[in-house]
Amino acid sequence: MTESSMLLRGATLIDHTGERQGDVLVADGRVTQVSANIDAAGAEVIDVVGCIIAPGFVDLHTHLREPGMTEAETIETGSRAAALGGYTAVVAMPNTDPTQDSVEVIEFVRRRGIEVGLCDVRPSGSITIGRAGEQLTPFAELAAAGVHVFTDDGSGVQDAGLMRRAMEYGRELDIVLAQHCEVSALTKGAVMHEGECCSHLGLPGWPALAEELMVHRDIELCRLTGARVHLLHLSTARSVELVRRAKADGLPITAEATPHHISLTDERLSTFDTRFKVNPPLRTMADIEAVRAGLVDGTIDAIATDHAPHAGHAKDRPLDEAPPGMIGLETAIAVCRAHLDMSWQHLLGAMSWRPAKIAGLDDRHGRPIAAGEPANLVVLDPDAEWIVDPHKLSSKSSNTPFVNMSLRSRVRHTIFEGTLVVRDGVAQR
Amino acid sequence: MAKHFRSIDEAGRDHVIRLLNLTDHMAEVNRRLHPKVPALRGRTVCNLFFEDSTRTRLSFDLAARRLSADTLTFTAASSSVNKGESLRDTVETLSAMGVDAFVVRHRSSGVPWQIEHWTDAAIVNAGDGWHAHPTQALLDAYTIMQRIGRSTDLDGLEVAIVGDIRHSRVARSTTEVLRLLGARVVHVAPATLLPPHPIAEQIGDLDEVIDRVDVLYMLRMQRERMDSALVPAGVEYVERFALTAERARRLRSDALLMHPGPMNRGVEMLVDPSEVPQSAILDQVTNGISARMAVLFDLLGSGTGLEDQ
Amino acid sequence: MVHRKQVLGPDDVRRAVTRMAHEVIERNRGVDTVVLLGMQRGGVWLAEQLGDEISRIAHEVPVGALDVSLYRDDIGLRPVVPGATSNVPVDVDSATVVLVDDVLFTGRTVRAALDAVADYGRPRSIQLAVLVDRGHRELPIRPDFIGKNLPTSLDESVEVSAEGVVIVEAAGS
């Protein structure tokens, strides 16, 4: 690793200001010059002709599993997967063991992320103690420790009264309340989307309504309280429509969708492969099309991976016992490119500067590619073709639903705080 | 040649027809004084029952023995599953003992598909979750054909399946096989016991169809469905959906009464089937042996190829 | 290109069956205990014809069918034929069972048939009638009644029906 300067030569630069050709000079953790044909003696010259340079990706939804479930993933292996996927920042979900509901645990995750040094690991805090849905965590204290996103992800906050208080209390702080929308009374024992496919397969169904009811509830609570609300992993057509209307009403609501909810339908479960069990479940083609449309028209602000590693033996269990979730950091950009009909700038915005703003990371991530800005960048080869081999992915777990799929676009280099943490598709630590 | 027999849909029409023909073959064996043939001598069939079902297990066991196969039985209750051994370890361990076919019963849908990655043995689904019970479907189809005297199809026949369709692997598989043979299947149940998306025509009133159907197929109704509020507590279900003596009298004289067993008397069956002349329920049990012999022989014993002169 | 050579015509088959009927009666000094079992499938029509001849000459004998697909030691080489089930119309205990087949070749079908018959009871004796013996035995099995000895090569196959017997030889072999 080098602290000396590097010159990225010949790429297309895309950020929220637009698209242009140029060279980028990086030194001392910052972008120091951006222009055509930079001549920088002494800098390492990296030829990136044909590539795209963009602000590094920001994942609003990563399960790093540490502390507590390090058999599935660690902050180190998860950070490496993130860097290889082009991410320079990830928001770590709080459903660790112990839960990220205290300053001690938050500090641990943060410190460990810094030690690893492959990307910016930003722990979220849980909304309720132990994610038990009963008592609020100390929002202000956790916010002071750097927490911006609060969520009980893994499950939704079931009690509408409690959620109302969380929003009222949180409104005064500079935080966002992120909801995993699922009314659990409607999803007991559920394994897959409730519809035609589950009726044939004899698997307990997960109605779209379970998500939509909570989306609706939280939109109305947002209207009542004025708190900033982020809706995690939207998966149904009606959820997208509800958010579209809420935004039209001017409510401070944002939303995300995952790569798998824009690419895979519930019919994947017809082979009973536990890799396709996920929460919320894979839905129908009509839902996929609505979620894609939501991303295209901006109703859904961001793409988030919901990277959810599980050890092999956990996924070897029967479908009803196997834990839901799939890994996604290393495949996200390529899957989205294949399934979204949008410009590179729009797509990269959903991967980088828009989630950066939601997570309160827009001081260092998702920045324009300009002199003086922090050098958190991804270099993407848009035409590289590759086949997903779970054993070649860097996550500690291999539960990718995209196994053996042929994808186009791959991260070539990732630059985190001015350092080349991924070079030619290989993590540097 | 099929490697497994896990669902009617997966098997497809040709395979099902072949199995029905073989079932007829096996029925002849079972009518003999010494109903045993050496067809599967040296083969090992392992009953892998993670969920208890004494009847199905005994039926498969007898079927394998009548074909002279060696049988092993593994039941969850008496096994290391309770000591935390995983499904995968169990299958891999038994496979290493030299099993040619696993007969699998599990309370979770899909297990017969999941385990195919851990063994080279043939897999027979003896019931997975709410999903499929294809040997039951086969014996049901065979029983109907035998009783009404058809050998290749069930065109024009109307079959009403009554009861807890939603949670029933029997309903799913039997519906699939009857439809594949040309029968018209109607599901009779309250909406809470129907699948979220219809898999056959649905009717909410048993009295609407009872006088006209060719086959009345009653499903077992588990009392816990009342505890979980899928149907009202008390006698309402019985009044609306059970086979009462009065309803039994309304069956056509040439109709068939069927039930996959075990019966829940006083819940879905308020009559003694032995007093209903239309009952084919014991035929189902008898034919179950033949159907299971057919499936095992098809996977382990027969093959395509040269007709020796 | 396939060569077909007719070696027996319909009249030859009829004459052979008649002669075999006489031999069965003569050998058993009547047919009081005789039951004919045609081997599925090629032997079934022949057993029926043989039965008709015997009842014309002497009196009616029971005729049944025997399927040996569940007994063969070369299982996996021969599919079970739909509808071609066993039908043993009488108790075979103490009976004289005459197994009837169209072609005798390796003898494996007959060996399987001996096992199959044993599952129905204990006959006093079992005899074997074949329309064509084409040789190439792999087991110590010998027919009691033969319509025609027909030396063949292993490349050839033999087709038998009431219309006659045809040797089929694949070209180039």
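Author: Two strands pair if DSSP finds at least two bridges between them. Strands (E, at least two residues) and helices (H or I, at least four) are DSSP runs, numbered from the N terminus. This is a predicted model, in which local features need pLDDT of at least 70 and side-chain atom pairs count only at pLDDT 80 or more, while totals for chains, interfaces and linings use all residues. Residues are numbered from 1 along each chain as its sequence is written, and chains are lettered from A and ligands numbered from 1 in the order in which they are written.

Reader: What is the order of the strands in the open sheet of chain A?

Author: Strands of a sheet pair through backbone hydrogen bonds, either parallel or antiparallel. In chain A, five strands form an open sheet in the order 9-10-13-14-15, and the pairing is parallel. Strand 9 (149-151) and strand 15 (302-303) of chain A are the edges, each pairing on one side only.

Reader: How many bridges join strand 9 and strand 10 of chain A?

Author: Three bridges join them, in the parallel sense, and strand 10 of chain A covers residues 176-179. For one residue, A:Val149, the bridge partner in strand 10 of chain A is A:Val176.

Reader: What are the domains of chain B?

Author: Chain B is assigned domain 1 (8-132 + 286-300) and domain 2 (134-280). Between the C-alpha centres of these domains of chain B there are 25 Å. Domain 1 of chain B brings 22 residues to the contact and domain 2 of chain B brings 18 residues.

Reader: Which element gives the most to the side of domain 1 of chain B that touches domain 2?

Author: Helix 1 of chain B does, with eight residues. The elements giving two or more residues to that side are helix 1 (8-30), strand 4 (122-128) and helix 11 (281-300) of chain B.

How values were computed. Domain bounds come from an automatic or database domain assignment. Two residues are in contact if their C-beta atoms, placed from the backbone, lie within 7 Å.
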